[in-house]
Amino acid sequence: QVQLVESGGGLVQAGGSLRLSCVVSGSIFSINNMDWYRQAPGKQRELVAAITSGGSTNYANSVKGRFTISRDNAKNTVYLQMNSLKPEDTATYYCNVDIRRYGTDYTAYWGKGTLVTVSS
């Protein structure tokens with residue numbers, strides 16, 4: 001069984017910062033891409049940031065220069081440092097991780113999400 005648990009969300013004023021974490025646990029052989037998505041009320045889920053197993057990163061234009069994705073492979077954890085937060089960043093943030101379990105191919109797993117609310 002595999003579990004993804006996000007943490008670090010909360011209420012912050014515009015201009016503030018938060019750091020999200022997503023810890024992967026369970027019977028895991030290897031982890032490939034680790035991504036952060038977000039979904040605001042009434043909107044589609046969108047990719048915020050992605051990081052490959054080699055450390056290459058990609059960001060949505062709306063967060064470039066403000067958000068930083070990183071990973072700690074020894075801890076099976078992906079982080080999202082969010083600075084200069086804006087009210088439009090308000091959303092539930094989800095991690096999505098490509099995981100290969102023993103004897104299987106890679107499968108994408110989702111966390112349950114952590115709510116980020118940015119007040120103006």
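How many disulfides does the structure hold? I found one disulfide (a pair of cysteine sulfur atoms within 2.5 Å) in the structure.

I worked on a predicted model, where local features need pLDDT of at least 70, side-chain atom pairs count only at pLDDT 80 or more, and totals for chains, interfaces and linings use all residues. Residues are numbered from 1 along each chain as its sequence is written, and side-chain values use heavy atoms, with hydrogens and water left out.

Entry: the disulfide. I looked up the bonded pair and got Cys-22 and Cys-95, with 2.0 Å between their sulfur atoms. I read a torsion of about 50° about their S-S bond, so the disulfide is right-handed. Cys-22 sits in strand β3 (residues 18-26) and Cys-95 in strand β9 (residues 91-100), so the bond ties together parts that are 73 residues apart in sequence. Strands here are DSSP runs of E, at least two residues, numbered from the N terminus. I noted both cysteines as buried, that is, under 20% relative accessible area (1.4 Å probe, protein chains only).

Entry: neighbours of β3. I found β3 paired antiparallel with strand β1 (residues 2-7) over six bridges; pairing needs at least two DSSP bridges between the strands. Ser-7 stands opposite Ser-21 of β3. I also found β3 paired antiparallel with strand β8 (residues 77-82), over six bridges. There, Leu-18 has Met-82 as its bridge partner.

Entry: Leu-4. I placed Leu-4 in β1 and noted it as buried, at a relative accessible area of 9%. Beyond four places in sequence, its contacts (heavy atoms within 4.5 Å) include Cys-22, Cys-95 and Trp-110.

Key: Helices (H or I, at least four residues) and strands (E, at least two) are DSSP runs, numbered from the N terminus. Buried means under 20% relative accessible area, exposed over 50%, partly exposed in between (1.4 Å probe, protein chains only).
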